[in-house]
Amino acid sequence: MTTGHNDAAKGGRALWRGLVRWESALVIVLIGVMIFGSIQTPNFLNPTNFFYTGLNMGEVAIMALPLTLIIMTGEIDLSVASMLGLSGAVMGELFSNGWPIWLAIAAALVVGAIGGAINGVLVAKVGLPSIAVTIGTLTLYRGLALILLAPRTITGFPASLTQIGVVPIPGTEVAYSTAVFLALAVVTGIILHATPLGRGLVVIGLQPEAAKFAGIRVNRIKIWLYVVSGIVCAFAGILLTLKNASVSYDAGTGLELNVVALVLFGGVSIFGGRGTIVGVVLSVAILGTLQQALTQMNVQPEVQNIVSGGLLLISVVIPNSGEAIRRIRDRARRRV
Amino acid sequence: MIRDVSKSFGAVMAVQGVSFPLYAGEAHALLGENGAGKSTLVKILAGVYGADGGGLLIDGEPVAFKGPAASRAAGVSVIYQEPTLFPDLSVAENIFMGRQPLRVGRRIDRAAMNREATDVFKRLGVELDPARVARGLSVADQQIVEIAKALSFNARVLVMDEPTAALTNVEVDRLFEVIRTLRTHGAAVLFISHRLEEAFESCQRVTIMRDGRSIRTAPIEEVTIDDVIRSMVGHDLDNLFPKTVIEPGEVVLEVEHLTRVGVFDDISFNVRRGEIVALAGLVGAGRSEVARAIFGIDKRTSGTVQVHGAELPNGNPLAAMSAGVALVPEDRRQQGLVMDMSIDRNVALASLGRLSRFGLIRRSSERDLATTWAGRLQLKFSRMVDTVSTLSGGNQQKVVLGKWLARKPSLLIIDEPTRGIDVGTKAEVHRILDELVTQGLAVLMISSELPEVLGMADRVLVLREGRITAEFTRAQADEDSVMRAATGQPPAVAA
């Protein structure tokens with residue numbers, strides 16, 4: 001039994017090492033991908049490439065942040081890409097009906113909040129499994145977008161706004177969506193790692209029962225997480241619409257898997273309670289850089305998908321396999 | 001026969017030169033504090049761990065277990081505190097898992113299987129329907145199924161690791177009956193328990209372990225409970241139930257007509273400053289449920305809960321906490337602690353608001369708070385950042401206590417304060433409670449251990465089937481009267 005200062009410091013370092021292990025592996029992978037890119041194409045690491053990488057990853061990366069918080073609590077949101085599609089469709093439909101663009105954008109955000117609230121209430125209040133609920137709303141929201149918009153493609157958004165989808169922030173090589181992602185990442189990181197709320201998320205993920213007994217309002221927190229996720233996805237939908245300067249009902253179809261994969265590749269445990277925002281940011285950087293490298297090598301997009309998909313699968317299997325086995329065993333032991 | 005068994009983990013000798021004999025037809029109690037090495041020894045017997053030194057002899061033949069299957073084949077069966085049955089299979093299927101009697105065409109012969117299971121139950125003297133599914137069986141019945149399974153393997157050595165921890169008194173009696181039957185059939189039983197009275201009641205021989213060594217083995221008639229405790233802790237224990245009776249102050253908790261339909265009904269009582277009120281009764285009488293409803297984990301159907309005269313909103317633990325209520329729940333591992341989180345974060349978990357500035361948790365304050373309470377409660381740990389799962393049961397309980405005491409509550413609800421923790425820490429927890437109460441804390445204690453209830457409580461309320469059936473003062477309460485009220489028998493007529 002010791003309570004000495006030295007031990008505490010030593011303990012702190014040990015904990016840090018434990019937490020950082022996956023993240024440091026990601027740093028190495030990132031460097032590896034950068035070297036790979038530089039070998040394949042001369043002058044790979046230039047600011048313009050950084051800009052395009054950010055532009056490509058923007059919406060997916062932004063949606064990964066609230067999803068990280070949801071996965072930390074042991075839940076999931078598979079409706080993110082459909083939410084993105086629906087809010088883009090709402091924005092396009094209203095704009096084509098003559099609404100001012102700002103009002104159309106605001107309406108899209110409101111739709112995001114409502115869509116998220118539906119997920120949240122069904123998961124937290126009604127108590128349905130989030131995977132089932134959000135697979136349901138994945139189809140539902142995409143279906144609504146289809147009814148709303150198909151077969152039209154809405155264009156003609158004000159050039160002043162669509163500009164920001166394709167040019168960097170003046171004086172830099174940073175895409176607007178990259179800046180939004182980084183700002184949101186900082187906010188999400190602080191919430192997750194330094195506030196009582198973030199600690200609550202971790203506890204909910206590790207041991208929901210204990211969270212309740214510690215006075216953590218589990219249901220309320222979960223509902224709000226889904227609402228925030230809905231709003232952020234709507235925001236991503238707006239960004240995507242502006243970037244493409246057009247929107248059709250199927251915008252972003254299938255992106256949910258990329259978003260989930262980003263989060264898990266970032267070292268966030270699918271069982272909840274473990275993970276860092278730093279990991280998710282690194283995961284975004286790695287995937288973005290890899291895709292950029294493959295694009296410059298003129299690799300077919302289909303092959304790109306296979307490469308990045310394979311990489312994701314491997315990296316999701318490695319950190320989660322040991323834990324999965326342990327959990328399954330625990331659960332078996334706890335049965336009856 | 002266990003001879004000179006040793007097992008070390010890294011530099012820690014968990015078990016060191018332990019030897020004792022197990023005789024056929026005899027129940028042998030293995031006693032010791034948490035961390036004394038009992039569980040390690042059990043795992044060696046079960047074949048989960050290999051011994052580093054020494055060995056096991058069965059009928060004089062040295063045996064080496066290369067795994068649980070080998071141990072089982074040699075006739076050793078281990079029954080754990082929490083049995084592991086397949087919930088969706090029938091009782092008989094669980095018993096004959098992997099070696100079901102077959103009919104033509106390799107189909108399972110259900111009739112034969114159920115018949116054989118019934119035979120085994122008959123030998124044990126219990127009644128259980130072999131065809132029912134395991135899901136929903138009480139812990140006690142699950143243990144019976146495990147015992148039946150062991151018996152069907154012709155186990156000659158039956159190891160029971162704290163089988164009674166989750167049982168009611170009636171169930172414990174039935175278990176002892178089963179053990180007796182097993183003995184008459186010539187089995188050797190190794191019985192591990194924290195409840196010393198049980199060892200004396202059901203065993204013929206006792207071995208006491210401390211710090212990984214076997215201190216003493218003796219026939220049970222030759223030792224007293226005091227001897228055993230002395231050998232277990234290594235010194236005299238001043239008092240397991242230190243109790244200071246003081247004049248209680250104003251009412252802190254006032255519960256009126258509290259009802260949760262189907263669970264408990266019309267519960268009214270109060271708890272005052274400076275007193276411990278115990279809720280006694282059988283497991284399932286609704287005691288923990290009352291506590292949960294007061295704290296707001298479950299919603300009440302009707303009735304009121306007032307703390308310091310102000311009514312608590314329904315189903316809102318956070319409001320109860322702000323009103324000064326703390327709940328140390330029944331299930332430490334699921335409800336009280338986040339097992340995979342560090343000690344300091346667990347201690348700080350209920351005080352995060354106070355430890356934050358500008359909405360950010362101050363790590364240093366968090367660490368300080370944990371250090372303060374670890375010191376005050378004499379927590380034994382190696383590092384603050386270790387997960388609580390590395391601590392012994394008693395120390396885990398101290399972490400839960402620290403977490404709530406750090407909030408300076410005026411009412412502490414404590415559900416099974418010393419379940420599954422060793423004698424030494426038990427006395428410590430009692431001393432802490434006593435100290436807090438003399439300082440003016442109001443305590444509502446739920447306990448299934450009658451000595452604890454009688455030793456610590458100022459007043460005893462007895463619940464039976466969701467209703468308060470009796471109230472005793474400290475002076476009135478005795479084992480007999482409380483048990484009668486708990487089981488619904490009429491009070492004994494005074495002679």
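Two salt bridges link chain B and chain A, a salt bridge being a side-chain nitrogen of Lys or Arg within 4 Å of a carboxyl oxygen of Asp or Glu. One of these pairs Asp340(B) with Arg274(A), with the closest N and O atoms 3.2 Å apart.

A quick word on what you're looking at: this is a predicted model, where local features need pLDDT of at least 70 and side-chain atom pairs count only at pLDDT 80 or more, while totals for chains, interfaces and linings use all residues. Residues are numbered from 1 along each chain as its sequence is written, chains are lettered from A and ligands numbered from 1 in the order in which they are written, and side-chain values use heavy atoms, leaving out hydrogens and water.

Back to where the chains meet. Chain B brings 43 residues to the contact and chain A brings 31 residues; contact here means heavy atoms within 4.5 Å. About 3100 Å² is buried between chain B and chain A, with carbon and sulfur atoms giving 63% of that. Buried area is the accessible area (1.4 Å probe) that two parts lose on being put together, summed over both. On the chain B side, Gln334(B), Gln335(B) and Asp340(B) supply 15% of the area buried against chain A, more than any other three residues.

Now for a look inside chain A. Helix 2 (residues 47–72) and helix 10 (residues 218–244) of chain A have axes that come within 9 Å and cross at roughly 175°. That makes helix 2 of chain A roughly antiparallel to helix 10 of chain A, the label for angles over 145 degrees. Axes are lines fitted to C-alpha atoms, for helices over the stretch in contact, and angles run from 0 to 180 degrees between N-to-C directions. Helices (H or I, at least four residues) and strands (E, at least two) are DSSP runs, numbered from the N terminus.

Glu59(A) and Lys243(A) also meet in a salt bridge, 3.2 Å from N to O. Glu59(A) sits in helix 2 of chain A and Lys243(A) in helix 10 of chain A, so the pair ties together parts that are 184 residues apart in sequence. Over all chains, the whole structure has 29 salt bridges.

Most residues other than glycine have a negative phi, and most peptide bonds are trans.

| Where | Feature | Value |
|---|---|---|
| Ala150(A) and Pro151(A) | cis peptide bond | omega about 0° |
| Glu162(B) | positive phi, not a glycine | phi about 45° |

Pro151(A) is in the loop between helix 5 (130–149) and strand 1 (154–155) of chain A, and Glu162(B) is in the loop between strand 9 (157–161) and helix 6 (169–184) of chain B.

Key. Angles under 35 degrees count as roughly parallel, over 145 as roughly antiparallel, 65 to 115 as roughly perpendicular and the rest as oblique.
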